[in-house]
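Me: I would like to learn how to read salt bridges and cavities in a model. Please take them in turn, with the general idea before the case.

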Amino acid sequence: MALVDYDISDDSYYLFTCAELKTREVEFLEKNRVDRMLQSKGLDDFIGILRDTVYSKYINYIEKSRSFEKVIISEYSTTVNFLDQRLKPEHQAADDLLFLEENLHNLKVIVKSIILDIDLRKLFVPILHSYDELRDAAAAGDYKEVDPVVAEMLKFAVELIDKQENYRLMELELEKFYLGRVLNSTRTLNSRLLSDYLKHIIDILNIKNVYRNKYLAEDLSFDYFLHENGFLPKEFMAKFEGESLDFFVKEMERTDYADMIVKGTYALHSEGTFSSFEKSEDLFYLDFFDPVKFTVSNPEKIFQFFLRKKVELKYLSIIFSSVLYGIENRKIKNKVKV
């Protein structure tokens, strides 16, 4: 990644919050503990290692339910409450950015449940609202009990159902509208680092969309899925529409995303999975926030802490599932940062 000299201003308002999060850094699991989890012979082994961590409070639930879902939902809820209580009003949009992927996923789940008229709550990730709250609001067309940002997105999504019959195109339209909304909200943060983080998200989403289109030989115009406002201009990405996948990969190797492309391409061809892209993406974002370590107290530092927490939860969930279902260690190492 090209190094950028970010001038991140400290804000004395966040001194106490950042000091508190600094002491909580011991919560993050060290490499050797994650290694031991990967070597677990069964659920008892995994739980034994978890017992000495910040996640020990969930052990009864994990043993009874044989599920990791509540751990993630509870930690997400704690994060949202923490940010709501600690961030200034002009910095509240950090929520939208941190949970961008989950909020977009939830909107797609609600739309799909309405179209197919089936209950998809198992696919939903409750953050600001429950599945029933959003589903009922969408069905009734009454959004007054819903967070204003979520309400705007949900209303747009429901209107799309009447206008667009192709579900794939509906998803892509929703994605474009949603990213535009998050882009507007992040401007209130007045942070170059967080704005650039969103630009990287847009670039990587575009790269994955082009890659999938080429790999799956989709007959779909690039205009449907390319997003604007990344570092790589939409016009630049559009040039690959008539090119081969190999040519696209070679050109991407000249960008900041070279490592992700090389590892992702290898894993896709050797294992038929996009999981290595996701792991490389997580590592890219964590590296991107490296300049924050030279600062003392600011929204960027708070954001970085919870981004790390999210990545850790994702990896723990992957390891838990692999242990539960007896998946070979080597098959998940590509998905987990060790």
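Me: Which residues are linked in a network of salt bridges here?

Reply: Side chains of opposite charge can pair when their charged atoms come close. In this predicted model, a network of salt bridges links Arg24, Glu27 and Lys309.

Me: How many salt bridges does the count come to?

Reply: The count is 24 salt bridges. One of them joins the side chains of Glu30 and Arg33, with an N to O distance of 3.3 Å.

Me: Are Glu30 and Arg33 buried, partly exposed or exposed?

Reply: Relative accessible area under 20% means buried, and over 50% means exposed. Arg33 has 13%, so Arg33 is buried. Glu30 has 37% relative accessibility and therefore counts as partly exposed.

Me: Which salt bridges link distant parts of the chain?

Reply: Two can be described, and one of these is between the side chains of Glu63 and Arg51, at 3.8 Å from N to O. The two residues are 12 apart in the chain: Glu63 is in helix α4 (residues 59-65), and Arg51 is in the loop between α3 (43-50) and α4. Glu63 counts as partly exposed because its relative accessibility is 39%, and Arg51 does so at 46%.

The other is between Glu218 and Arg168, whose closest N and O atoms are 3.6 Å apart. Here the separation is 50 residues, with Glu218 in the loop between α11 (192-215) and α12 (234-238) and Arg168 in helix α10 (residues 167-186). Glu218 is partly exposed at 26%, and Arg168 is partly exposed at 32%.

Me: What classes of residue line the largest cavity?

Reply: The lining of the largest cavity has 10 nonpolar, 3 polar and 2 charged residues.

Me: What lines the second largest cavity?

Reply: This cavity has about 80 Å³ of space. Its lining residues include Cys18, Leu21, Phe28, Ile302 and Arg308. Both α1 (15-23) and α16 (299-324) give two or more residues to the lining, and the largest share, 5 residues, comes from α16. By class, the lining of the second largest cavity divides into 5 nonpolar, 1 polar and 4 charged residues.

Definitions and conventions:
Residues are numbered from 1 along each chain as its sequence is written. This is a predicted model: local features need pLDDT of at least 70, side-chain atom pairs count only at pLDDT 80 or more; totals for chains, interfaces and linings use all residues. Side-chain values use heavy atoms; hydrogens and water are left out. A salt bridge is a side-chain nitrogen of Lys or Arg within 4 Å of a carboxyl oxygen of Asp or Glu. Buried means under 20% relative accessible area, exposed over 50%, partly exposed in between (1.4 Å probe, protein chains only). Helices (H or I, at least four residues) and strands (E, at least two) are DSSP runs, numbered from the N terminus. Ala, Val, Leu, Ile, Met, Phe, Trp, Tyr, Cys and Pro count as nonpolar, Asp, Glu, Lys and Arg as charged, and the others, Gly among them, as polar. On a 1 Å grid over the protein atoms alone, a cavity is a set of points where a 1.4 Å probe fits but cannot get out, and a pocket is an open set with protein on both sides within 12 Å along at least five of seven lines; lining residues have an atom within 4 Å of a point. Grid points are joined across faces, edges and corners, and a volume is the space filled by probe spheres set on the points.
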